[in-house]
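I opened this notebook to record what I looked up in one structure. The entries follow in the order in which I made them.

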Amino acid sequence: LYATRAANVSPPANPDDYRYLASISDGTRTLTFDTNHAGQQAHYIAKWVNRRDDAGPWSVTTSATVAA
């Protein structure tokens, strides 16, 4: 899972502008944010990677507002 956080800005178009957060193998992940990020937009992209390090295409971007 890769993500970026920005104050109400459109998501980056380039995957290089995201930072790696975590590998997810069971389909779920809980992310936490500092309270000073409340109201900002968090943007996420993902791709699958197998044990041989073969990677699939990037997902569409998903965005959400960080809750207070």
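Entry 1, glutamine 41. I worked on a predicted model and began with glutamine 41, which I located in strand E3, residues 41-45. Is glutamine 41 buried or exposed? I found a relative accessible area of 18% for glutamine 41, so it counts as buried, the cut-off for that class being under 20%. I then looked for a partner of its side chain and noted a polar contact between the side chains of glutamine 41 and threonine 65, at 2.6 Å.

I asked how many residues of E3 are buried. The count is 5 of 5, and I recorded the strand as mostly covered. Next I sorted its side chains by direction: Gln41, His43 and Ile45 point one way, while Ala42 and Tyr44 point the other way. Residues on both sides are buried. I set beside this the general rule that side chains in a regular strand alternate between the two faces of the sheet.

Which strand pairs with E3, and in what sense? I noted E4 as a partner, antiparallel to E3, with 4 bridges between them. Within this pair I found tyrosine 44 opposite threonine 62 of E4.

I found asparagine 14 in the loop between E1 and strand E2 (19-20). A polar atom of its side chain lies 2.9 Å from the backbone nitrogen of aspartate 16.

How many salt bridges does a search of the whole structure find? The search returned 1. I identified arginine 52 and aspartate 54 as residues whose side chains meet in a salt bridge, at 3.4 Å from N to O. Side chains of opposite charge can pair when their charged atoms come close. I also checked how accessible each partner is. Arginine 52 has a relative accessible area of 65% and is therefore exposed, whereas aspartate 54, at 35%, is partly exposed.

Key:
Residues numbered from 1 in each chain as written. Predicted model: local features only at pLDDT ≥ 70, side-chain atom pairs only at ≥ 80, totals over all residues. Heavy atoms only, no water. Helix = DSSP H or I, 4+ residues; strand = E, 2+ residues; numbered from the N terminus. Buried < 20%, exposed > 50% of the residue type's maximum accessible area, 1.4 Å probe, protein only. Polar contact = N/O pair within 3.5 Å; in protein donor to acceptor, adjacent residues only side chain to side chain. Salt bridge = Lys/Arg side-chain N within 4 Å of Asp/Glu carboxyl O. Pairing = 2+ DSSP bridges.
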